[in-house]
Every structure is written in C-alpha cells, then in structure tokens.
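Here is a note for a colleague who is opening this entry for the opening read-through. Please keep the sequence and the model in view while going through the points.

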Amino acid sequence: MAEPRTLFDKVWDSHVVERLPDGTCILYIDRHLTHEVTSPQAFEGLRMAGRRVRRPDATIAVVDHNVPTSDRSKGIEEPESRLQVETLERNVAEFGVPYIPLLDARQGIVHIIGPELGISLPGFTIVCGDSHTSTHGALGALAFGIGTSEVEHVLATQTLLQKPAKNMLVRVDGTLGFGCTAKDIVLAIIGRIGTAGGTGHVIEYAGEAIRALDMAGRMTVCNMSIEAGARAGMIAPDETTFDYVRGRPYAPKAGAFEQAVAYWRTLPSDPGARYDRTVTLDAGAVAPMVTWGTSPEAVVPVTGTVPDPEGEPDEARRAQMRRMLDYMALTPGQRMQDVPVDVVFIGSCTNGRIEDIRAAATIARGRKVAPGVRALVVPGSGLVKQQAEEEGLDRVLTEAGFEWREAGCSMCLGMNPDKLTPGQRCASTSNRNFEGRQGPGGRTHLLSPAMAAAAAVTGRLADVRELA
Amino acid sequence: MDRFTTLTAIAAPLPLANVDTDKIIPARFLKTIKRTGLGVHLFDTLRYDESGAERPDFVLNQEPYRRAQILIAFENFGCGSSREHAPWALLDFGIRCVIAPDFADIFHNNCFKNGILPIRLPREVCEALMADARMGGNARLTVDLQRQVVVRPNGEEIRFEIDPFRRHLLLEGLDDIGQTLQHAPAIDGYEARQRSERAWVPAIGGV
Ligand code: SF4
C-alpha cells in the first residue's frame, strides 16, 4: 500500500516536472493570473532576455488594484495608475496573453474572477503575483502568491522552483452560531495561531463547519491563510465544489466535466494521512470577531474589550501592543462595541462576492447609514455587480445610504482614489489592518460583511446579532 | 543579478517584530513599472512625518545608518503582501542582507531573487548583533556566504544555515529562469503527458 497522502501532497506530486538533487522541485503551473501592479517588471524582463510567454492559453490578465471604482467612461485620471494599466495592455498585446479590460463586464478582482469564470479549478496549481492567491485553494487547488521575479519565471517556463511545504490541518468542528460567518472562523483561527502560525505550511481546512460552508465562505477562509503566515490554504473538493464549478464559462464542458470530476474525487486526503501540525477549533464557540490592532492576530469577539498590554508577559509583545493601541487610538478595557467608525468598506477578494453583498443588504434593508458615516460597497467583479443589481440589492443599499461602486480592490489597499484620510476609522471586510493599509494614518477594524453593515447603520462596531 | 559573496558593512538595528510589507513600502508607491528608485520610500511612514520631513529618531535617518547595507530585525520580518517592491526598496536603499529570527515565506523567497541574503538566527543572537550595530560607525559586521558565517566586530563567528541551492545561485549571481530552461525537455514531456492524461483541462482562449 502506498503511503496515505494529503490533498496538498497529491496536488503537489502530480505537478512535479523534475526533482533536483537538493530536493527543490520544478513545479508545473496550470493557471497563471496576472494584474497591473506586479507584472510590468516581469514582462520587461522577458523582453530584455528575448523570451516569450510559454503558455498564453494558461494565463489570464485583468486590471483590478488601482482602477477607479467610480464612473469609468472617462478613463483613469491618476497618471501613474493609468501608466500601469496601459503598460499591462501593451504587454498582453505584445505577448498574446488573454486579457479582460477595464470596461468588460467580467472585470474584477483577480481572486474573484478566477473561480467565477471557471479559470481556477480543483487539483490545479494556480499562481498570481499577489499573496491572496490562497483564495483559489477553496476549490481544492494549490494556489499561492509569488513575487514579480517568479511571475517572470512562470511566464517564461510555466513552472516554478519550489520546495514542498509542510502540512498543517486546521479542523473546525461543530456548527457556527447565529450571526457568525466564515470570516469569523478565519479571524478566530488567526487569533489562535498568530500571523506566523502557518509559516512554511500549507493549511488544509477540514471539519464539519468547513464542509457546511458554501464556496464563497470557503474562499473567505482560504483567502486569509496568508494572514496566518501559511503559503496556501486548501479545502478538499466535494459536491459543493463540483456544483459551483459546473457550467462556468472556462470550466470543462459535458463529457470532459465528468472526467474531471472523476479525477477530482481522488484528491481528498487519504485516511491516516500525516500532518506536521494539527489545530482544532469549535465553531460553536466562535463569536462575531473584530480586530483591535494593526495585525490580523490582534482580534477579539465583538462582545470583548480592548486588551491591556500590561497583562502581556513578553516585553517585545507588550511594546508592540502599546504601539498598536497608540496607532489605533484605543484604550485598554474599552468595549469594542463602543468604538465609533467613520468609514465602512464592504468589498475585497475576502468578502466581495454576491453572498457577501446579500449579507450586507440583509442588515441594511429598511435602515439608514448613521449620520457622519461614509459606507462603500464595492463588488468584487462586474458580474457580482450585475447579479446584485438583478436581485435589487443595489437599491436596498443605496436607499440605506451606502455608495454602490464599480468592481476593484478599492479601499482594501487604497491604490486608487478610495482611501482613508489620516485618523479615520474604518470597519472593513478586507484582510489586512496594517498601519496605513487603507490610506496613510487610517485605522482599520477587520470584520464580516454583516458586521460591517451593522457598523454602518449604528455608527459603531456593533454586534450584528442584535440587529439581525 | 549581482553576486553575493562577502559583505562587510554597517548594520542598522530595527528592533521590531512583524515588520510587514506595507511598512517596508506602502501601497501608494507600487505604481511604478520599474524595479529601481524605490529606496527613498523604504519604510516611508517610519522614516518621514506627515509633512514629508525625516523623523530624526528613525534609525535609517541617522549616521552612520544611512549607509547601512545590513538590517537586523525581529520575528516574522516581511509578512503581508507578495510585492517584490519590498526587496526592491531595500536593495535600492543599499541593503544586501537582512538578519532576523524568521521571515515570512514569500518575502524570504523574493529576497533571493534579488540578490539579498536573508539570514535566520535565533532571537538572542539577533539581540547581540543589534547591540553590535548600535556601536555605529565603530562597528562593521561581516557576512561571509561562502563560509556561512556572520563575523561580529569582536571577531566571534556565528554560523548560519542556508538552502544549498539558493546559496549556489547567490554566490554565482545566477538567473533562475536560465537554470530552469535547461530542463525544457522535461517540461515538454510533462505537458505531453498532461495532454493525454488530463485531456479535460481546458485552454483559456477567446477572452
Ligand atoms: S482586494 Fe485587497 S487583498 Fe485582494 S487582491 Fe485586491 S488589494 Fe489584494
């Protein structure tokens, strides 16, 4: 009998082109997603070396990071952003890479459109010059972020030089309580294992609570694997996955789809497969979560209070906590629910899918955004936007006083005009609360879409369970 | 890529853990299509105040650390985004070596691709090296990649571990792509096998 293998082991093994003497592998890449920010220097490198793109038919390009989310008919005003977009357009034309332009209905955040269009599939190796490529692992793919040199490497060779990661199992048992979501699960996991907890590992999420999630929720969980330090996150493909993939524009059709499913059914980890580390969590004990600091691990239940650095025994950590509280302008012992917000951002590759917008609209329906609060809803893709409009969610949201915008990364990282101003406090459904992430001096609290909507209508970090 | 063999240089102490890539180079500076020129924005928010003036208390604004080529920090250095702009900014400033107890994976990888040597050493050792670095212009650290040692100003040698393949590439200043393309026949073979065994895999075309 062969050694029992994990999901990761199987996908890895089936993509090893060659194992070099020191254990480094040449790993074949099935899908390469590119965007305007991390690719210009890679294409430039190809050009200078006289190389070509080996597999344009396994590559797709889209603009997302610095595109405006307001009226786009007049093009991009900001000259540097425009240059990056134009550079990508020149590069895809020169190298024959399939491209979804800004004004195409399918344009959107690279990690939203990959699964949505059926470009990302189970059992694939998927890379992108962006750390949140881990999102696509929700399909049972091995998907991870790479730097620009590696983007160039994949463009030229359709492979990467990699060493196998270690296996980590995060098992979430039980059922989620009322008002709690995938976002709360992943924030609770990061709170538990810390932002370096997964370093060197690929995390496989399993257990009853993960199985019960729809694909959108699974993508939210895998998306934030990188915030736990992991190289990637994966979830074994099952009927939920196959139902999601079936009929997507670039997914296999008819007979090919059945062949694919037969193969995908072989991917889940074998009984007795070995993990280097296992962590378990009880979904029933997870409350709606919200971050208080400038690291995603600085997280508490919304019913909690701002922690006191003086209770932290490690000196370096204590100093870091003080710095975070200072930046966030919070005081130890303060109730999270009393913290007022200025801005609410609903969107990003973590929570910009139709399910997230539905969750926000459910809370917004019949309510009003609190006075003085600016609330933005930025769909993850043009198709998500269309779907929401068909369901009338845009009207529910705009009637409540939310801004309804075009698709893109937007205020997740503030490379486009959607930014916080210094000192502004934001309830955000994105994935990073680093200092200045959403604009210099901006203060970010990470939470779920329903929680963000609750913050918008109350003007503070409210417990969504009291509004639902 | 420049080769990395031995470096004797000023080291700057940055006694912070979880230095994320947004701290190394904030997103608003990623709108470049070049690799160079990012050094002035390295650690932008730590280095400059709101008006753009230098913060005198930040280490890289002080002599002799303006000329530092080695950086010493604490745990989980480089966490966050995959932006290679982080190592590009370090390199453009002049940093060729970062020493810390551990690094975030993607950043660690990106360093090697740009001729920066990331060295993992236990926290106590990092603290000792920071103490050395605080002696300023009187102290130089030597990093000898060939022998895999860091030499302290007092002559003490500290051994570090490094992946042999990466060490080789750094020592020779070799380009990964050229290396991989020597295996083109194996890649061709893999693709041929994939076409027959996984015939269901669709091509992306006609977007
Ligand atoms: S939405 Fe945010 S995290 Fe996701 S790809 Fe865009 S910038 Fe990165």
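1. The model is predicted, and local features are discussed where pLDDT is at least 70. Chain B has eight helices and eight strands, and its C-alpha trace spans about 65 × 45 × 25 Å along the principal axes.

2. Packing within chain B. Of the 207 residues in chain B, 59% are buried, and the accessible surface of the chain comes to about 8,200 Å², with 49% of that belonging to carbon and sulfur atoms. Among the contacts in chain B with a separation of 6 or more, 65% are between residues 24 or more positions apart.

3. Extent of the interface. How many residues of chain B are in contact with chain A? The contact involves 55 residues of chain B and 85 residues of chain A, and the two chains bury about 5,700 Å² between them, 58% of it on carbon and sulfur atoms. Of the area that chain B buries against chain A, 16% is supplied by Lys31(B), Trp200(B) and Ile204(B), more than by any other three residues.

4. Polar pairing across the interface. Between chain B and chain A there are eight salt bridges, and 31 residue pairs are in polar contact, counted where both residues have pLDDT 80 or more. The side of chain B that touches chain A draws at least two residues from each of helix 1 (21–24), helix 3 (85–93), helix 4 (105–113), helix 7 (176–181) and helix 8 (184–197) of chain B. The largest share, six residues, comes from helix 8 of chain B. Sorted by class, this side of chain B has 21 nonpolar, 16 polar and 18 charged residues.

5. Two salt bridges between the chains. In one of them, the side chains of Arg51(A) and Asp175(B) meet at 3.6 Å, N to O. In another, the side chains of Glu152(A) and Arg35(B) meet at 3.3 Å, N to O; this pair crosses from helix 5 (residues 148–157) of chain A, which holds Glu152(A), to the loop between helix 1 and helix 2 (44–47) of chain B, which holds Arg35(B). Glu152(A) counts as buried because its relative accessibility is 10%, whereas Arg35(B), at 29%, counts as partly exposed.

6. Helix 4 of chain B. This helix is mostly covered, with nine of its nine residues buried; among them are Ile106(B), Phe107(B), Cys111(B) and Phe112(B), together with Asp105(B) and Lys113(B). Gly115(B), which follows helix 4 of chain B, has a positive phi near 75 degrees.

7. Glu75(B). This residue lies in the loop between strand 3 (70–73) and helix 3 of chain B, and it counts as partly exposed because its relative accessibility is 23%. Leaving aside neighbours within four places in sequence, Glu75(B) is in contact with Ala17(B), Asn18(B), Pro101(B), Asp102(B) and Arg123(B), and its side chain makes a polar contact of 2.7 Å with the side chain of Arg123(B). Glu75(B) and Phe103(B) are 28 residues apart in sequence, yet 6.8 Å apart in space, C-alpha to C-alpha.

8. Salt bridges elsewhere. Over all chains, a search of the whole structure finds 49 salt bridges. One of these joins Arg55(A) and Asp57(A), with the closest N and O atoms 2.8 Å apart; Arg55(A) is buried at 17% relative accessible area, while Asp57(A) is partly exposed at 27%. The side chains of Glu239(A) and Arg265(A) also meet in a salt bridge, at 2.5 Å, N to O. Glu239(A) lies in helix 9 (residues 239–245) of chain A and Arg265(A) in the loop between helix 10 (254–264) and strand 12 (277–282) of chain A, so this pair ties together parts that are 26 residues apart in sequence. Salt bridges with shared partners also join Arg374(A), Glu403(A), Arg405(A) and Asp418(A) into one network.

Notes. Residues are numbered from 1 along each chain as its sequence is written. Chains are lettered from A and ligands numbered from 1 in the order in which they are written. Side-chain values use heavy atoms; hydrogens and water are left out. Contact means heavy atoms within 4.5 Å. Buried area is the accessible area (1.4 Å probe) that two parts lose on being put together, summed over both. A salt bridge is a side-chain nitrogen of Lys or Arg within 4 Å of a carboxyl oxygen of Asp or Glu. A polar contact is a pair of N or O atoms within 3.5 Å; within protein, one must be able to donate a hydrogen and the other to accept it, and residues adjacent in sequence count only if both atoms are side-chain atoms. Helices (H or I, at least four residues) and strands (E, at least two) are DSSP runs, numbered from the N terminus. Ala, Val, Leu, Ile, Met, Phe, Trp, Tyr, Cys and Pro count as nonpolar, Asp, Glu, Lys and Arg as charged, and the others, Gly among them, as polar. Buried means under 20% relative accessible area, exposed over 50%, partly exposed in between (1.4 Å probe, protein chains only). Accessible areas come from the Shrake-Rupley method with a 1.4 Å probe; for residues, only the protein chains shown count as cover.
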